[in-house]
Amino acid sequence: MNRKPNSKKTTEPDNNSDPNLLTFGGHLEVLRRMLFRIIAVVMVLAIAVFCFKDKTFELLLAPSQWDFVTYRYIEVLLHKLGSNFTFNQFHINLIATELSS
């Protein structure tokens, strides 16, 4: 069997063979696009949180009330385990809850 030698050298990598390879400038362009997307998403979320700030504060401050849903689940779980544990009623006074305060 006669074999013909390959005309291409297989020991040297061909840098231009993969079209998915990026140059340094290409990587910077991708990074720039990602940063602009991140900034856009953060701005949209910030605007949404600002528009619904009362509901946001209500959700964030829910654990400060004694009848918070997680506290009730803990009581039910402990009652099922045989404990007579209940949370005492409490109220937390917040200072400076307005934007200008």
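This is a predicted model: local features need pLDDT of at least 70, side-chain atom pairs count only at pLDDT 80 or more; totals for chains, interfaces and linings use all residues.
Areas here come from the Shrake-Rupley method with a 1.4 Å probe, and for residues only the protein chains shown count as cover.

Residues are numbered from 1 along each chain as its sequence is written, and side-chain values use heavy atoms, with hydrogens and water left out. The pLDDT, the predictor's confidence in each residue from 0 to 100, averages 83 over the protein chain, with 78% of the residues scoring at least 70.

As for the fold, the chain has three helices and zero strands, and it reads α-α-α along the sequence. Helices (H or I, at least four residues) and strands (E, at least two) are DSSP runs, numbered from the N terminus. Confidence is highest in H1, at 96, and lowest in helix H2 (residues 53-60), at a mean of 89. Helix H3 (residues 69-80) has 12 residues and should span 16 Å at 1.5 Å a residue; its end C-alpha atoms sit 17 Å apart, which agrees. The expected span is 1.5 Å times one less than the number of residues in the helix. After H3 comes Gly-82, with a positive phi near 100°.

Next, the nonpolar side of the surface. A nonpolar patch of about 840 Å² is made by Leu-22, Phe-24, Leu-28, Val-30, Leu-31, Met-34, Leu-35, Ile-38 and Val-42. Patch residues have over 30% relative accessible area and no salt bridge; like charges are joined within 9 Å, and nonpolar side chains (Val, Leu, Ile, Met, Phe, Trp, Tyr) within 5 Å. Leu-28, one of the patch members, belongs to helix H1 (residues 24-51) and is partly exposed, at a relative accessible area of 43%.

Then there are the charged pairs. Side chains of opposite charge can pair when their charged atoms come close. The structure holds three salt bridges, each being a side-chain nitrogen of Lys or Arg within 4 Å of a carboxyl oxygen of Asp or Glu. In H2, Lys-55 and Glu-58 lie three residues apart, about one turn of the helix, and their side chains meet at 3.4 Å, N to O. Lys-55 is partly exposed, with a relative accessible area of 46%. Elsewhere, salt bridges that share partners join Glu-29, Arg-32 and Arg-33 into one network. Glu-29 meets Arg-32 at 2.5 Å, N to O, and meets Arg-33 at 3.9 Å, N to O. Within helix H1, Glu-29 and Arg-32 are three residues apart, while Glu-29 and Arg-33 are four residues apart, again about one helical turn. Glu-29 is partly exposed at 31% relative accessible area, as are Arg-32 at 39% and Arg-33 at 40%.

Conventions
Buried means under 20% relative accessible area, exposed over 50%, partly exposed in between (1.4 Å probe, protein chains only).
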